[in-house]
Amino acid sequence: MLDLEINMLIQKTLVSFAFGLAILVVSSLPGSSQFAGELTKQSRQTAQRLPNGDYFYGKSRSPAQADVNYLIFRKTGNRVVGISYIYRGEGYCFKGTVNGNTINNVSREYVELGLGSPTQIRRGNPINLATFNKLNFNQIPQDSNAKRRLPECIRLFSNR
């Protein structure tokens, strides 16, 4: 019985030592603490804390995946104006206010069917940016008309 307890104690000690050694080795690798800090910083950074500018988000990490929802928007203070679209599909303009990682007070563009029908603006659902991946703005596909539509969306909401 005493031998079994000693063996278990030795095994626990060896496991603890190996685990501690692994942590020490990983933390001493060049750049690992900087990388861990960047990951923590990225995970804590909300859309609200982003500087003013243009941003690209997607439900996929790939910037050009079929049947995936993407957002391109311009942030100015806590106000955002942008376009929501599905790659190679149609989209709609929206505006709202960002709070944390959520765009609230969303208004969106609705186009009535028929020739010459004016665009209507209606209330939209909040957009949870935590469910999207932040992508590089330069990755917006050239075959997407969304980048071209962003200025149109900004103009659409500039007088409203």
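Are Cys93 and Cys153 buried or exposed? Both Cys93 and Cys153 are buried (under 20% relative accessible area, with exposed over 50% and partly exposed in between, for a 1.4 Å probe and protein chains only).

This is a predicted model, in which local features need pLDDT of at least 70, side-chain atom pairs count only at pLDDT 80 or more, and totals for chains, interfaces and linings use all residues. Residues are numbered from 1 along each chain as its sequence is written, and side-chain values use heavy atoms, with hydrogens and water left out.

**View A. The disulfide of Cys93 and Cys153.** The structure holds one disulfide (a pair of cysteine sulfur atoms within 2.5 Å). Its S to S distance is 2.0 Å, and the link is left-handed, with -70° about the S-S bond. Cys93 belongs to strand E4 (residues 91-99) and Cys153 to helix H3 (residues 146-158), so the pair ties together parts 60 residues apart in sequence. Helices (H or I, at least four residues) and strands (E, at least two) are DSSP runs, numbered from the N terminus.

**View B. The loop at Gly77.** Gly77 lies between strand E2 (69-76) and strand E3 (79-86). Gly77 is partly exposed, with a relative accessible area of 38%. The C-alpha atoms of Gly77 and Gln48 are separated by 8.2 Å, while the two residues are 29 residues apart along the chain.
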